[in-house]
Amino acid sequence: MKSPMFAAGFLAVASVAQAETPVLNVLTYDSFVSEWGPGPAIEKAFEAECGCDVVFTAAGDGAALLARVQLEGAKTDADVVLGLDTNLTAAARATGLFAAHGQTPDLALPVVWTDADFLPYDWGWFAFVHNKTLTAPTSFKALADSDLKIVIQDPRSSTPGLGLLMWVKAAYGDEAPAIWAALADNIVTVTPGWSEAYGLFLEGEADLVLSYTTSPAYHLIAEEDDSKTAAVFEEGNYLQVEVMGKLAASDQSDLGDRFMAFVLSDAAQEILPTTNWMYPARLPAAGLPKGFETLVQPGKSLLLGADEAEAARAGALEEWRAALSR
């Protein structure tokens, strides 16, 4: 029989050991940490090699992350923010809250990457997803001229929603307000995030939903359903590059660096295509999963630079709001 003194000593040692386990707090979006998202698998794989505890905190959709960081400032508990994109990196950098990543990964992006503060982890083209039985529009103007119903996301809380604003602005410039005015009666509703919008589409509430050219891969690979595809637009499809960044005030700076490097390793990049349903920022040795070769490929890619997107954001948001409020 062990003495009470032994038991007390054992508990003290256990408490110290537990206290010494480093904790990495990662702020991200809801779908990343869902049971079908990449978060659980990445958390398990990284913890197996870091001897640490990864704690994911979900804060709505991607665009909500920046608002959360701006609100909390240097007092935030987050060590890493994962889920911003290039339409938000200029505003994120302007907060002065992010530290340089100091990494030079071998990336497989459709654009040259030179951002010293933010690292990409996946990318894709925005597109309107629909059933193959639908004769889909081939441009925003054709969509506006049709009776087709669409579901989109709110650009104030959602990166796809903001991406749509940048898509229209990049394609049409000063004509963007007229495009939004013409599209207004096609919009069934505007949801806070991607998950809600895609769910409404699957329930038959709309003919098309703003998503990605890679979204049909989910149905094909996970459900063995090839009934979905994505519309390629003549004016081009807008790129999204999702990024992660480390907070300068983090007390786990080295661990944050290790985590971001891990997310760009084969172990994590192999997880992303069939959980986040996007293209990996680094092509893993195993390549892309079978089924990705069937996806549509836009003939033209659109992307505003980070500073250009930030300069256009407020005006584009007002154009969108004014058109939908009529």
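Which residues line the second largest pocket? Before selecting them, note that this is a predicted model, in which local features need pLDDT of at least 70 and side-chain atom pairs count only at pLDDT 80 or more, while totals for chains, interfaces and linings use all residues. Residues are numbered from 1 along each chain as its sequence is written, and side-chain values use heavy atoms, with hydrogens and water left out.

Select T86, T89, V111, V112, W113, T114, D115, V241, L303, L304, G305 and A306, which together line the second largest pocket. A pocket here is an open set of points on a 1 Å grid over the protein atoms alone, where a 1.4 Å probe fits, with protein on both sides within 12 Å along at least five of seven lines, and lining residues have an atom within 4 Å of a point. About 190 Å³ of space lies in this second largest pocket, volume being the space filled by probe spheres set on the points, which are joined across faces, edges and corners.

Go next to the largest pocket, with a volume of about 410 Å³, and select S31, W36, W194, N276 and W277, which lie nearest its centre among the 22 lining residues. Helix α8 (194-202) is among the elements that each supply at least two residues of this lining, and α8 gives the most, with five. Helices are DSSP runs of H or I with at least four residues, and strands are runs of E with at least two, numbered from the N terminus.

Now show helix α7 (residues 176-183) and helix α12 (residues 306-324), whose axes come within 8 Å and cross at roughly 35°; axes are lines fitted to C-alpha atoms over the stretch in contact, with angles from 0 to 180 degrees between N-to-C directions. A176, P177, W180 and A181 in α7 meet E319, W320, A323 and L324 in α12, where contact means heavy atoms within 4.5 Å.

Finish with the aromatic pairs, of which the structure holds 24. The ring centres of F128 and F233 are 6.0 Å apart and their planes lie at 25°, so this pair is stacked, since pairing needs centres within 6.5 Å and planes under 30 degrees apart count as stacked, over 60 as edge-to-face and the rest as tilted.
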